[in-house]
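Q: I have a model open and want to go through it piece by piece. Can you take my questions as they come?

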Amino acid sequence: KLFMVPAWFLSAFLSAFLIIVPVIGAMAGRTAAISALIWIILLYSIFNHLAGTGWFPLLQDLVPDDIRGRFFSKMRTVWQTVSIIFLLVTGYFLGVEAPVRYFQFIFVLGALFGFGRAFAVMKIPECLPHPQLEKKGLFASYKKPLSDKYFLAFLFFTLLWNFCMGLSGPY
């Protein structure tokens, strides 16, 4: 959480800069606007994805084991449903040939939601750290999965599958 919140604030801040890309295009030309757009989206994506790596570990500490599967499946379903609805509403709002100010409104709305996400994550309580487990060596940690005959069969199947797909790739 210590890393997630600042990274999400930075990604929301960068997404707010998308509204000035048309201004850059008017002042400095199309090439400068496209370069600015690429850099803003690249940096936004880097910070957003770096922060996102801590989301499920943060929730995993808060959600009890007995309801974890149901919780994450419901959360993912709601997440995807809201995303699809927002996409459809945005597409309807923009229409076929929307003026630039409509896109700027969507970017501002996205930035506000990004800041809201960062503030909401700040409110999630942090759990106490887990006690340290005994440290094992590299080979000791592989011993248990490699002793399972079904896992070994799966590994062998995957090896053969990838080998065959690699051979058939040029054809």
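Q: Is arginine 30 buried or exposed?
A: Exposed: arginine 30 has a relative accessible area of 70%. Keep in mind that this is a predicted model.

Q: Which helix is arginine 30 in?
A: Arginine 30 lies in helix α3.

Q: Which residues are closest to its centre?
A: Tyr44, Asn48, Trp79, Phe113 and Arg117, out of 28 residues that line the largest pocket.

Q: Which elements give two or more residues to that lining?
A: Four helices do: α1 (4-16), α3 (30-52), α5 (68-94) and α6 (100-122). The largest share is from α6, which supplies 9 residues.

Q: How do the lining residues of the largest pocket divide into nonpolar, polar and charged?
A: There are 18 nonpolar residues, 9 polar ones and 1 charged.

Q: What about the second largest pocket, what volume is that?
A: The second largest pocket has about 180 Å³.

Q: Which residues line the second largest pocket?
A: The lining is made of Leu18, Val21, Pro22, Ala33, Ile34, Leu37, Val100, Phe103, Gln104 and Phe107. By class, 9 of these are nonpolar and 1 is polar, with no charged residue.

Q: Which helices supply at least two residues there?
A: α2 (21-28), α3 and α6 each do. Here too α6 has the largest share, at 4 residues.

Q: Staying with α6: is tyrosine 102 buried, exposed or partly exposed?
A: Tyrosine 102, which is found in helix α6, is partly exposed. Its relative accessible area is 29%, and it is put in that class because the value falls between the 20% limit for buried and the 50% limit for exposed.

Q: How far is tyrosine 102 from threonine 90?
A: The C-alpha to C-alpha distance is 9.7 Å, for two residues 12 apart in sequence.

Q: Now α5. Is glycine 69 buried or exposed?
A: Glycine 69 sits in helix α5 and is exposed, with a relative accessible area of 53%.

Q: Different topic: the surface. Which residues form the nonpolar patch?
A: Leu138, Phe139, Tyr142, Leu146, Phe151, Leu152, Phe154, Leu155, Phe157, Trp161 and Met165 form it, and together they have about 1200 Å² of accessible area.

Q: Which elements give two or more residues to the nonpolar patch?
A: Helices α7 (138-146) and α8 (149-168). α8 gives the most, with 7 residues.

Q: Take one from α7. Where is phenylalanine 139, and is it buried or exposed?
A: Phenylalanine 139 has its place in helix α7. The residue is exposed, because its relative accessible area of 70% is over the 50% cut-off.

Q: Which helix should I write down for the largest share of both linings?
A: Write down α6: it gives the largest share of the lining of the largest pocket, and the largest share for the second largest pocket also comes from α6.

Key. Residues numbered from 1 in each chain as written. Predicted model: local features only at pLDDT ≥ 70, side-chain atom pairs only at ≥ 80, totals over all residues. Heavy atoms only, no water. Patch = residues over 30% accessible without salt bridge, like charges linked within 9 Å, V, L, I, M, F, W, Y side chains within 5 Å. Areas by Shrake-Rupley, 256 points an atom, 1.4 Å probe, with all protein chains shown as cover. Salt bridge = Lys/Arg side-chain N within 4 Å of Asp/Glu carboxyl O. Buried < 20%, exposed > 50% of the residue type's maximum accessible area, 1.4 Å probe, protein only. 1 Å grid on protein atoms, 1.4 Å probe; cavity = no way out; pocket = protein on both sides within 12 Å on 5 of 7 lines; lining within 4 Å. Nonpolar A, V, L, I, M, F, W, Y, C, P; charged D, E, K, R; others polar. Points joined across faces, edges and corners; volume = space filled by probe spheres on them.
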